[in-house]
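My entries follow in the order I made them.

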Amino acid sequence: MKIQLKRGSKPVFFVVFILIAVFAVLATVGVHTYYGDVTTTWIRGLADIRWGIDIRGGVDVTFAPPEGYDATKVEMDAARSVIETRLLNNNITDYDLYIDYNADQIIVRFPWQSDDTDFDPEQAVKELGETALLTFREGAPSEIGEDETYEDLPLVLSGSDVERATPFYNTESGKYAIQLVLKESGKEAFSEATERLSSTSPKGIISIWMDDECISYPSVSSHITDGTAEISGSFDADSATALANKINGGALPFKLITANFSTISPTLGEGARDAMAIAGLIGFAFICVFMIVRYRLPGFIASIALVGQAAGTFAAITGFFGGDTGSFTLTIPGIAGLILALGMGVDANVITAERIKEEIYAGKSVDGAIYTGYKRAFSAIFDGNITMIIVAIILMGAFGTTDSIAAIILSPIFTWFGASTEGTIFSFGYTLAVGVVLNFLFGILFSRLMTSSLARFKPFRKPFLYGGVSHEK
């Protein structure tokens, strides 16, 4: 007895095929417009991928307090703020900066500076790890003469005189501010300076300097004798916290120690990337040929679905669907995750094609074989893919930033043994998760739509095209 089913509409195959083809082209080349030297990117392509340090080359360093020192969260945030300021002062704007609070570590990664043949990574790391020189000085930056530096302004306090700086919301003014608390060593000098500067007209200024950068210059409105001052201004919650972190960073009671330091040559990284790309393309071509020869029509449709899955993964990497530029960094393990996800896609299509073949040999019609084949294959595909997604989430939670969604979800587990921020492994988990999710879309849904659609055409209703040997009347 044959199973009579309502077959899919004939145009569905062509609609899905065209959509996948257009999407693959756009995800590969992107859309850019040029006006003189200005390039505007409307849709990002492969050329817009942000490559990891292990590919484009750069510096990977881990900072930590001296052995035996248990740093607080406030101190770690302050240290991060100092390192961030120094990166920007060195014109290093493309960097990754994470904090692992459980292990008291700060992980910094930044690429080689382009067109800089004299870049010394060891010296750069040394400068990043030095304790920041925080000073409070009389006068504003505008008062520094042409042949003078910030050191020519009279010194009021040093970072060692600061107990803490805390951001808070002032209910009276309705604005955010920073409460500054001084140690006994700084109270007298601060009292003398504020007494003198508050009596001038206009009010005097005490500027706050991080190394040679002025981070704030509030005016002195009153004489402060108890060593507790309020820095007010046009602050929001973020800017108030940022300034407090910088002040606390200059008052850190410890020097950051370089716990781990490594560099990688751009030539080595790009060579590995190119080798993996070539190997991936060759492997993909062989897989498509094998699928078509072995499974005939389902193999041809599987090849189209795999192209869509690959394009979707690249789109998620480049920011095709929107978001901040460079929001994701692709590393060599990330490429491996992409290839593994495509392997899962091949596996899903192989399982489905085998099930369809079995139904054809069992004597079912083409329609019945397609329906039952996909139904029987789904449970096995679902179990395997869900398992891989769980693994990918664990990898992203364990080796990603501590404020990522995966890390927050798994934080009760990582509290016991600590997370380990490692961007290269996070990249692997991300591409694996994205690829497996897309496998459900392209490898199951779209491939089924295309197969059912082609089965409506008389030339494609021969059981031979689905792996069988019999003929349907």
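**Entry 1: a salt-bridge pair**

I began with Glu358, which is partly exposed because its relative accessible area is 35%. My terms here are buried for under 20% relative accessible area, exposed for over 50%, and partly exposed for in between, with a 1.4 Å probe and protein chains only. The model is predicted, so I noted that local features need pLDDT of at least 70 and side-chain atom pairs count only at pLDDT 80 or more, while totals for chains, interfaces and linings use all residues. Residues are numbered from 1 along each chain as its sequence is written, and side-chain values use heavy atoms, with hydrogens and water left out.

Next I looked up the partner of Glu358 and found that its side chain meets that of Arg376 in a salt bridge, at 3.3 Å from N to O. This pair links distant parts of the chain, with Arg376 in helix 10 and Glu358 in helix 9, 18 residues apart. A salt bridge is a side-chain nitrogen of Lys or Arg within 4 Å of a carboxyl oxygen of Asp or Glu. Helices (H or I, at least four residues) and strands (E, at least two) are DSSP runs, numbered from the N terminus. Arg376 is also partly exposed, because its relative accessible area is 38%.

**Entry 2: helix 9**

I checked the length of helix 9, residues 332-361. Its 30 residues should span 44 Å at 1.5 Å a residue, and the end C-alpha atoms are 44 Å apart, so the two agree. The expected span is 1.5 Å times one less than the number of residues. Just after helix 9, I found Gly363 with a positive phi of about 100°.

**Entry 3: other salt bridges**

How many salt bridges does a search of the whole structure find? It finds 10.

I looked at Asp77 and Lys73, whose closest N and O atoms are 3.2 Å apart in a salt bridge. They sit 4 residues apart in helix 3 (residues 73-89), so about one helical turn separates them. Is Asp77 buried or exposed? Asp77 is buried, because its relative accessible area is 16%. Lys73 counts as exposed, because its relative accessibility is 51%.

I also looked at Glu184 and Lys187, whose side chains form a salt bridge of 2.9 Å, N to O. They are 3 residues apart in helix 5 (residues 184-198), so about one helical turn lies between them. Glu184 is exposed at 62% relative accessibility, and Lys187 is partly exposed with a relative accessible area of 23%.

**Entry 4: positive phi values**

I noted first that most residues other than glycine have a negative phi. Asp104 has a positive phi, near 55°. Asp104 lies in the loop between strand 5 (96-100) and strand 6 (105-111), and it counts as buried at 11% relative accessibility. Arg296 has a positive phi too, near 60°. Arg296 is in the loop between helix 7 (266-295) and helix 8 (297-318), and it is partly exposed with a relative accessible area of 26%.

**Entry 5: contacts across the sequence**

I picked two buried residues in strands. Val181 lies in strand 10 (residues 175-182) and is buried at 12% relative accessibility. Val181 is 48 residues from Ala229 in sequence, but their C-alpha atoms are 6.6 Å apart in space. Phe235 is in strand 13 (residues 228-235) and is buried, with a relative accessible area of 19%. Phe235 is 68 residues from Pro167 in sequence, and the C-alpha to C-alpha distance is 9.7 Å.

I ended with Asp212, in the loop between strand 11 (206-210) and strand 12 (213-216). Asp212 counts as exposed, because its relative accessibility is 55%.
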